Amino acid sequence: MEVKTLGITGVQIPVLGLGTWGIGGLSNRNSGNDEIDIQAIRLGLELGMRFVDTAEMYGRGHSEEVVAEAIKDQRESIFLATKVSGEHLAYDGVLRSCEASLRRLRTRYLDLYQIHWPNTRIPLSETMKAMERLVDEGKVRHIGVSNFSVRQLNEAQEALSKTRVVSNQVEYSLTERSIERDLLPFAEKKKITIIAYSPLARGQISSQAHGDRWIVLDQIAKITHKTRSQVALNWLLLKPTVVAIPKASNLDHVRENAGSVGWSLSEEQKERLNEAFK
Ligand SMILES: NC(=O)c1ccc[n+]([C@@H]2O[C@H](COP(=O)([O-])OP(=O)(O)OC[C@H]3O[C@@H](n4cnc5c(N)ncnc54)[C@H](OP(=O)(O)O)[C@@H]3O)[C@@H](O)[C@H]2O)c1
């Protein structure tokens with residue numbers, strides 16, 4: 001699997017990770033699909049997607065429990081990321097949430113701990129003080145954020161006294177490109193990794209049928225002998241600071257997504273997609 005450097009850290013992470021929204025339930029716990037989800041995560045790991053992204057809110061914590069089961073015995077070789085919810089950003093709330101995630105994930109440390117979404121009612125300085133304590137205690141290796149604007153990213157960085165914000169997890173796909181206006185150039189300049197969520201537009205990229213843009217995507221898929229989803233992920237990963245975390249419970253989808261790396265769209269194909277999906 002190809003790798004990219006995480007922020008300014010020098011740490012190499014796989015360009016494709018495994019998203020887990022829906023694994024272990026959505027807003028509520030659901031263990032009905034655990035067995036197949038564990039298989040899907042393990043297959044993704046085997047195929048090189050050794051970066052797993054989860055959150056305390058997914059399935060009310062059950063997503064983290066499913067991930068723990070899937071990665072047991074191989075924790076040390078996996079880049080493990082989770083998130084603290086926006087309503088738990090008070091100092092004690094962050095510490096409590098982290099302890100609970102560590103317990104559910106059955107691990108001593110998180111590779112990346114992300115603020116899931118901003119909360120304007122709690123000063124970022126308070127949240128970041130707790131995050132830095134977790135780094136000092138060895139429970140968190142790197143601090144990231146999610147759904148932060150450029151202004152909020154700057155504030156987050158200013159609130160840290162001795163570490164850096166290494167990543168911002170935001171929606172980015174062929175059909176959702178608004179970060180290209182200011183967030184993406186900012187991240188490139190400041191060397192902050194963009195973790196693209198919903199990179200397949202929640203599955204719509206493979207299923208949308210009508211319109212000129214889809215004809216272009218189908219033509220490029222045909223020329224490259226790839227699928228729409230593979231082309232869409234490859235296009236995202238052409239950006240130097242972007243990694244992506246598609247979610248797939250279906251084993252064929254996992255295999256297909258793994259096939260979106262190891263080759264590259266040509267400059268001309270990239271430009272055609274830029275134009276069609278602008
Ligand atoms: N930070 C945030 O606020 C935030 C918000 C949203 C998402 N996320 C993260 O980003 C991850 C990915 O985003 P997402 O789950 O919203 O959307 P996504 O990855 O764009 O799409 C997932 C959907 O696409 C389907 N799929 C996957 N691979 C496919 C393929 N090759 N062909 C056709 N369909 C395919 C999946 O079906 P199957 O499962 O049936 O395979 C699933 O229904 C999440 O799981 C989560 O970890 C973060």
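Colleague: Is Ser-198 buried or exposed?

Modeller: Ser-198 counts as buried because its relative accessibility is 15%; buried means under 20% relative accessible area, exposed over 50%, and partly exposed in between, with a 1.4 Å probe and protein chains only. Please note that this is a predicted model, in which local features need pLDDT of at least 70 and side-chain atom pairs count only at pLDDT 80 or more, while totals for chains, interfaces and linings use all residues. Residues are numbered from 1 along each chain as its sequence is written, and side-chain values use heavy atoms, with hydrogens and water left out.

Colleague: Where does Ser-198 lie?

Modeller: Ser-198 is in the loop between strand 8 (193-197) and helix 7 (204-207). Helices (H or I, at least four residues) and strands (E, at least two) are DSSP runs, numbered from the N terminus.

Colleague: What is the phi of Ser-198?

Modeller: Phi of Ser-198 is near 45°, a positive value in a residue other than glycine. Most residues other than glycine have a negative phi. His-225 is another residue to look at: it is not a glycine, and its phi is positive, at about 60°.

Colleague: Is His-225 buried or exposed?

Modeller: His-225 is exposed, as its relative accessible area is 71%. His-225 is located in the loop between helix 8 (212-224) and helix 9 (228-237).

Colleague: On to the ligand. How many residues surround the ligand, and which are the closest?

Modeller: The ligand is surrounded by 28 residues, and the closest are Trp-21, Ser-198, Leu-200, Lys-247 and His-253. A residue is near a molecule if one of its heavy atoms lies within 4 Å of it.

Colleague: What is the make-up of that shell by class?

Modeller: The shell has 9 nonpolar, 14 polar and 5 charged residues. Here Ala, Val, Leu, Ile, Met, Phe, Trp, Tyr, Cys and Pro count as nonpolar, Asp, Glu, Lys and Arg as charged, and the others, Gly among them, as polar.

Colleague: Which helix gives the most to the shell?

Modeller: Helix 10 (residues 251-258) gives the most, with 3 residues.

Colleague: Which backbone atoms lie 2.8 Å from an oxygen atom of the ligand?

Modeller: A backbone N or O atom of Trp-21 lies 2.8 Å from a ligand oxygen atom, and a polar backbone atom of Leu-200 is 2.8 Å from an oxygen atom of the ligand. The protein buries 85% of the 910 Å² that the ligand exposes when taken alone; accessible areas come from the Shrake-Rupley method with a 1.4 Å probe.

Colleague: Now to helix 3. Is Ser-101 buried or exposed?

Modeller: Ser-101, which is found in helix 3 (residues 91-105), is buried, with a relative accessible area of 0%. The side chains of Ser-101 and Glu-64 are joined by a polar contact of 2.8 Å. A polar contact is a pair of N or O atoms within 3.5 Å; within protein, one must be able to donate a hydrogen and the other to accept it, and residues adjacent in sequence count only if both atoms are side-chain atoms.

Colleague: Finally, with which side chain does Gln-219 make a polar contact?

Modeller: The side chain of Gln-219 makes a polar contact of 2.5 Å with the side chain of Arg-272. Gln-219 is in helix 8 and is partly exposed, with a relative accessible area of 38%.
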